[in-house]
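The model is a predicted one.

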Amino acid sequence: MDATLHLAQQPEADELLGRSPLAALVGMLLDQQVPMEWAFAGPYTIAQRMGRDDLDAHEIATYAPEAFATLLSTKPAVHRYPGSMAKRIQQLCQYLVEHYDGDAATVWKDATTGDELLQRLKDLPGFGPQKAQIFLALLGKQLGVHPKGWRESAGPYGEQNSFRSVADITGPDSLTKVRAHKQEMKAAAKAAKASAK
């Protein structure tokens, strides 16, 4: 995996995401309840604090839980909820060690169909259906992973020229468009809730 991503909007953090399958997965895992850039800068911050230039699933899986939580909560914290996210990252890494020998790329390397890959992503701890579809779209749109039917399996996130998620962010302009789309969706959901009362 060697791509140029623009999700953290920080060169070093984005460089890690583009070359490290595990960093990309961890960034996606962290992408909730915090700004996207904060989430995707997380893997780089974790690697730096561990004194590494990449994340290692085996090392994280066996890290003392309290020490790993401290690593994430040290200011500036890696996430708004560093304790629970530390636990989730360790669960993800333990799952990868158990099922994929710690190699995150194996999750998608030999998947022959989009549906198979989507199921593998949904099986990962911390990846619900929406997160799995968004990550599948990111793999397809920016990382050259194209199992048969991947766009369909990614649902609306797989559509070409859509600006719905991190899968569509390739720079500041597209980031602005994705943010605008998310604001529209929030406003529509709020309006629907209000009219249902």
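**Largest pocket**

Two helices, helix 9 (129–142) and helix 11 (172–196), each contribute at least two residues to the lining of the largest pocket. The volume of this pocket is about 650 Å³.

- Lining the largest pocket are 24 residues, of which Asp31, Ile134, Arg164, Lys182 and Lys186 are the closest to its centre.
- Helix 11 provides the largest share of the lining, 8 residues.
- By residue type, the lining consists of 12 nonpolar, 6 polar and 6 charged residues.

**Salt bridges**

- The whole structure contains 7 salt bridges.
- Lys141 and Asp168 form one, with an N to O distance of 2.5 Å. This pair connects distant parts of the chain, 27 residues apart: Lys141 belongs to helix 9, and Asp168 to the loop between helix 10 (150–153) and helix 11.
- Glu116 and Arg120 are joined by a salt bridge whose closest N and O atoms are 2.8 Å apart. Both residues lie in helix 8 (residues 114–123), separated by 4 residues, or about one turn of the helix.
- A network of salt bridges links Asp110, Glu116 and Arg120.
- Asp103 pairs with Lys109 in a salt bridge at 3.5 Å, N to O.

**Exposure of the paired residues**

- Asp168 is buried at 8% relative accessible area, while Lys141 is partly exposed at 24%.
- Arg120 is buried, with a relative accessible area of 15%, and Glu116 is partly exposed at 27%.
- Lys109 is exposed at 60% relative accessibility, whereas Asp103 is partly exposed at 30%.

Note on methods: Residues numbered from 1 in each chain as written. Predicted model: local features only at pLDDT ≥ 70, side-chain atom pairs only at ≥ 80, totals over all residues. Heavy atoms only, no water. 1 Å grid on protein atoms, 1.4 Å probe; cavity = no way out; pocket = protein on both sides within 12 Å on 5 of 7 lines; lining within 4 Å. Points joined across faces, edges and corners; volume = space filled by probe spheres on them. Nonpolar A, V, L, I, M, F, W, Y, C, P; charged D, E, K, R; others polar. Salt bridge = Lys/Arg side-chain N within 4 Å of Asp/Glu carboxyl O. Buried < 20%, exposed > 50% of the residue type's maximum accessible area, 1.4 Å probe, protein only.
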